[in-house]
Amino acid sequence: MKKIFGMAIIAACLSVEASFKKMNSESGVFKLAPLPYAANSLEKAFDEKTMLIHHGKHHQAYVDNLNKALDGKKVKLIDLLTSASTQSATIRNNSGGHWNHTFFWSILSGKESDNKVSSRMMKVIVDKWQSFENFQAEFEKAGAGHFGSGWVWLVRTTEGLEIMGTPNQDNPLMDVVPRRGWPILAADVWEHAYYLRYENKRPEYLKNFWKVVNWKAVDQYDKEALKTKLP
Ligand code: MN
């Protein structure tokens, strides 16, 4: 009983994982954190094998290659992103790869209660895109239309919410995008994110992506973004 109670507390903490402070405090030798849920818990959109390879091989490789490139130099991950334009391609790609995937895992969940859009997020999205379906269509279009590997983001900028695409492992925090902002939602559109189940059908992957979005985390990121100055 005691053990079960302890696990319930851990589960409760994981469900409100979203925190830029936590994301951006990482420094030194970087480590791959475990997925915040079981690899098979996103089955309604992503299969277990994809999750295991994506996290254990791809994300791990970004972490390993970043550590190798830094060669013991102690830096904050966020400082590498905000100065991406002056970093080597290796550091830019792998620091982005590490941050982006850490963020991506945190905005996903297989739990029904997390997959429900909060009334606050619904309102800010409808205010901007007229309907939630319009927003989804715009986001899917940006993802499906993105040429080659990259990411599609929902970003809180000083101008409000916007949908943004970035190539490779770039992200909206880097000093290489036209307008920087806080990412609050992201879809990885690299083939490694969807090829096993969806083959070459990226639009189908993006349609199913909505089934596993953790809107509690998105809502929390957006609230933080509204009151936190960009680094
Ligand atoms: Mn990926």
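**A walk through the sheet and the metal site**

Q: In this predicted model, how many bridges join strand 1 to strand 2?
A: Let's start with the direction of the pair: strand 1 (residues 150–157) and strand 2 run antiparallel. The number of bridges joining strand 1 to strand 2 is 8.

Q: Which strands are the edge strands of the open sheet?
A: The sheet has 3 strands with antiparallel pairing, in the order 2-1-3. Neighbouring strands are turned by 25° against each other on average, direction ignored. An edge strand pairs on one side only, and that holds for strand 2 (160–167) and strand 3 (182–188).

Q: Which helix lies across strand 1, strand 2 and strand 3?
A: Look for a helix that runs at about 135° to strand 1. Residues 132–145 form the one you want, helix 7.

Q: How far apart in sequence are the parts that His54 and His101 tie together?
A: The manganese ion is coordinated by His54 (NE2), His101 (NE2), Asp188 (OD) and His192 (NE2), at 1.9 to 2.2 Å. His54 lies in helix 3 (residues 48–70) and His101 in helix 5 (residues 89–106), so this pair links parts that are separated by 47 residues.

Q: Are His54 and His101 buried or exposed?
A: Burial here is a relative accessible area under 20%. Both His54 and His101 are buried.

Q: Over which residues does pLDDT stay under 50?
A: The chain has a mean pLDDT of 94, and 93% of its residues reach 70 or more. Where pLDDT is low, the predicted coordinates should not be read in detail. The stretch where pLDDT stays under 50 is residues 8–15.

How values were computed. Residues are numbered from 1 along each chain as its sequence is written. This is a predicted model: local features need pLDDT of at least 70, side-chain atom pairs count only at pLDDT 80 or more; totals for chains, interfaces and linings use all residues. Side-chain values use heavy atoms; hydrogens and water are left out. Donors are N, O and S atoms within 2.8 Å of the metal (3.2 Å for Na, K and Ca); water is not among the atoms, so sites may look incomplete. Helices (H or I, at least four residues) and strands (E, at least two) are DSSP runs, numbered from the N terminus. Buried means under 20% relative accessible area, exposed over 50%, partly exposed in between (1.4 Å probe, protein chains only). pLDDT is the predictor's confidence in each residue, from 0 to 100. Contact means heavy atoms within 4.5 Å. Two strands pair if DSSP finds at least two bridges between them. Axes are lines fitted to C-alpha atoms, for helices over the stretch in contact, and angles run from 0 to 180 degrees between N-to-C directions.
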